Amino acid sequence: MVTGLMFIGIIILLGFFVLMFVVGGYNALVTLCNRYKNAYSQIDVQLKRRYDLIPNLVETAKGYLQHERGTLEAVITARNAAATANARAAQNPGDAAAMKEISSAESALSGVMSRLFALAEAYPNLKANTTMMSLMEEVTSTENKVSFARQAYNDAVMTYNTRREVFPSNVIASTFNFGPAELFVIEKPEQKEAPKVAF
Amino acid sequence: MDFFNCQDKARRNTKLLVFYFVLAVLSLVLAVNAAVLLILTGFGNYGLMIWNSNPVSSANELSLPWSLAELLFCVTIGTLVVILIGSVFKTLQLAGGGSAVAELLDGRLVNSNTTDADERKLLNVVEEMSIASGVPVPQVYVLDGETGINAFAAGHSASDAAIGVTRGCMKMLSRDELQGVIAHEFSHILNGDMRLNLRLIGLVFGILCLTVIGRILIRARRGKFPLPLIGLALIIIGWAGVFFGRLIQAAVSRQREALADASAVQFTRNPAGLSGALKKILIYGSRIDSPHAEEASHLFFANGLDNSLFATHPLLTERIRALRPSLDGKFPRVIQQPTPAISPASEAPQPPHSPQIPRFPVVQTGRDRFTPPFIAEHAVVANVGQATRQHLRYAVDFHQAIPPVLQVASRDPLGAGALVCAFLLANDPSTRQKQLENLDCATSDAIREEIMRIWHAIQGMPQQARIPLVDLALPALRRLSPQQFEQFRATTEKLVASKAETDLFVYMLRKIVVRHLERNFFPQQRPITQFYALRPLAPDCGALLSAAAYAGQRNITEAYAAFAQGAESLNRAAHCEIPWLPPDQCDLSRVDAALARLSQAVPQIKKNVLSACAQTVADDDVIQEGEAELLRTIADALDCPVPPFVQSQETSAPVAPEA
């Protein structure tokens, strides 16, 4: 009888430990998941800022770059594509398809933007325009912020993915359907070794 | 009540809480034992006949003389273990501090560079209040799912505090009303209530655990033992747990809430704002729908649950009446300084979703916007944790006067990091060049560009703007990834190390940033109160006072005189001599160790040390610009938030020199 009671006690205790373990693992995954989603919202803010700046930039440049219509239009198209891709990614950060889309859209956009910046170098009148210069400065600064925020996001995703894959939390992850999250990588065609943005 | 008394009271309340808790646990154990006895002996045979196919043998087994004491012992241990595990589990879950609580309640972190008008307003109000009271800007969360008007503050200390606001609160309150609510929450941060509240969540959860187990057992229908019956008993007993839990919550919470209301009015000097918010709650309600509302009900601004028997808060009408004796808006003199009718909006409830943002009246004093910080030294200690309307007014002015470049920078992680680095740069060009060269290997051009850009922007800022700006930058810095934080920490360390002279203030500034952030990135490092007497801390006091004396005075005899001034009162309190350290022994690492130990002392000791520092720094009866900021950093390192030094009638009264 006493052993029976002890047995119940031990079962309850064990059950409790298992419960604690599961709840703890689950909560850790939720926390990490929230963390990378939060990190994406940081990118989102900067990207939106950049998407707002680009039309102004193009508008200012239009007067000087009469013969470069194609580049300007390419910038606007790439900007619009990136904006829609970002809206989708912001809805569901970490989702593989959405992240791939925003990655390629952003790569394309930074490609045409660097072409535009290179073009601007060739037009002294445009370089003398203060509005243009301050806009370019702002775009560059925003780009720095984006890459910094992107690094934070990628770190958060890495932590989450590692947690998701190692034992024992992978059991919990597969039970409660925690999917893998996708990194946000931008390939820059002209410079393979992108500057490391780090303090 | 002064800050240190409040802190002490919070600590005493913790003891009271533990006492209640032990009482509750004892009664629970007794109740469980009584129930077990009742089931097994009283109507045991009858009960077992129902549940067993073979009642006779069971009854025989039961009536066997196996020791009753043994059984009861097992039951007692089992109950204790369950309560303990429950409490420990919940406490561990909340180890992350305020953000853990906010996420438990489904809060969404508000981005520090948000563009949403309502969120911006909320952040601005919180930032102003932080500047006014001298604590780092807490994380701000919005509970999107909650439409009632409610808010909470949670965390272990000011550095991991979070303020949560329901969607209804953000949307429906005017700026003045929101300010009242936020001021109320800040007084929880300053009074040390939050820590108590977090512990309360953990303990109450342990008590509630029995109900949870009862619910599980009542579904188990097999086995030799009357499990469902035990389950039912556990649920009934568990209700006793709920009863005690509520009782504890109510006992601890009610008076703190009244105190927080009073402090909020003291901060804002605008009872109309807070009472307007309370009136709106009267109309729209303050219900919290989250399933975790019960555990956290004592954290909230107003009752989050419907039941009134164990209300965690005083009645709304009582709270309003305390703020404004007559409910019809005619209130002659609650406070000596009635504000002009700046918010007619608070008289009538507005329809929800009105996006109007009434501006706080900016009082132009005719002086420089950053008021010169002359302050009498006796006022330093009295000011700790006591923001007043003057501070708030200063904060609002300050907030608006920050150049846009810095405002933008302080809200995004890259810019905020660069801002802190820029403060660490030396004024002397060659040293600065050397500092930047030292960074070369680890940092990219983008960062260095950003640092220099911000460095140019801060050149026009007065010195006393440094601490508020750093406080503002903290929420953005919390969003660095752990790897980025490591790099940031290494960078700041390099900058401080390569700065030629040992600048105590710069060192402390860096220390404060890293300390506040460390608690965010590594939640397990939490200071525990270890020192209850001044005597073992005498060498540390000596180091700190000596360093403070050297920081203010160039020649050594003057420094010693300043040191003696401060050490005098401490000598009396410690009943021993505070040692004076020569300059070569009193380097930054020594000060660092001293501060680390001093921060683990009880509030009253901190009060003595802080007032000794004030006396050392204010050797000449008046604290000058740079010295005032040094004092604020020391106070911050000791977890005693000092509001910015604003000249006012009360504080500029002539000081009687110490005998």
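Reply: A nonpolar core here is a set of buried Ala, Val, Leu, Ile, Met, Phe, Trp, Tyr and Cys residues joined through C-beta atoms within 7 Å. The model is predicted.

The largest such core has 209 residues. Its members with the most contacts inside it come from both chains: Tyr36(A) and Tyr153(A), then Leu419(B), Ala473(B), Leu544(B), Leu545(B) and Cys613(B). Helix α9 of chain B, residues 193-217, gives the most to this core, with 14 residues.

Take Leu544(B). Leaving aside residues up to four places away in sequence, Leu544(B) touches Val591(B), Ala594(B), Leu595(B), Leu598(B) and Cys613(B). Cys613(B) is itself on the list of core residues with the most contacts.

Now chain B as a whole. Chain B has 659 residues, and 50% of them count as buried. Its secondary structure comprises 26 helices and 6 strands. Among its contacts with a separation of 6 or more, 79% join residues 24 or more positions apart.

One helix pair in chain B deserves a look. Helix α8 (residues 175-191) and helix α11 (residues 271-284) of chain B have axes that come within 7 Å. They cross at roughly 95°, so α8(B) is roughly perpendicular to α11(B). On the α8(B) side, the contact uses Asp176(B), Glu177(B), Gln179(B), Gly180(B), Val181(B) and His184(B). On the α11(B) side, it uses Ala272(B), Gly273(B), Leu274(B), Gly276(B), Ala277(B) and Lys280(B). By type, the residues of this contact are 4 nonpolar, 5 polar and 3 charged.

Chain A next. Ser41(A) sits in helix α1 of chain A, residues 2-62.

Some backbone geometry is worth checking. Most residues other than glycine have a negative phi, and most peptide bonds are trans. The peptide bond from Phe167(A) to Pro168(A) is cis, with omega near 5°. Pro168(A) lies in the loop between α5 (130-165) and α6 (169-175) of chain A.

Two non-glycine residues have positive phi. For Asn177(A), phi is near 60°. Asn177(A) falls in the segment after α6 of chain A. Asn177(A) is exposed because 6 other C-beta atoms lie within 10 Å, and the exposed class takes 12 or fewer. For Asp106(B), phi is about 65°. Asp106(B) is in the loop between α5 (98-104) and β1 (108-109) of chain B. With 16 C-beta neighbours inside 10 Å, Asp106(B) is partly exposed.

Last, confidence in chain A. The mean pLDDT of chain A is 84, and 92% of its residues score at least 70. Among the elements of chain A, helix α2 (residues 69-91) has the highest mean pLDDT, 90. Helix α4 (residues 124-128) has the lowest, 83. Residues 191-195 of chain A stay under 50. For that stretch the model has 4 contacts beyond four places in sequence. Where pLDDT is low, the predicted coordinates should not be read in detail.

Technical notes: Residues are numbered from 1 along each chain as its sequence is written. Chains are lettered from A and ligands numbered from 1 in the order in which they are written. This is a predicted model: local features need pLDDT of at least 70, side-chain atom pairs count only at pLDDT 80 or more; totals for chains, interfaces and linings use all residues. Helices (H or I, at least four residues) and strands (E, at least two) are DSSP runs, numbered from the N terminus. A residue is buried if 20 or more other C-beta atoms lie within 10 Å of its own, exposed if 12 or fewer, and partly exposed in between; C-beta atoms are placed from the backbone. Two residues are in contact if their C-beta atoms, placed from the backbone, lie within 7 Å. Axes are lines fitted to C-alpha atoms, for helices over the stretch in contact, and angles run from 0 to 180 degrees between N-to-C directions. Angles under 35 degrees count as roughly parallel, over 145 as roughly antiparallel, 65 to 115 as roughly perpendicular and the rest as oblique. Ala, Val, Leu, Ile, Met, Phe, Trp, Tyr, Cys and Pro count as nonpolar, Asp, Glu, Lys and Arg as charged, and the others, Gly among them, as polar. pLDDT is the predictor's confidence in each residue, from 0 to 100.
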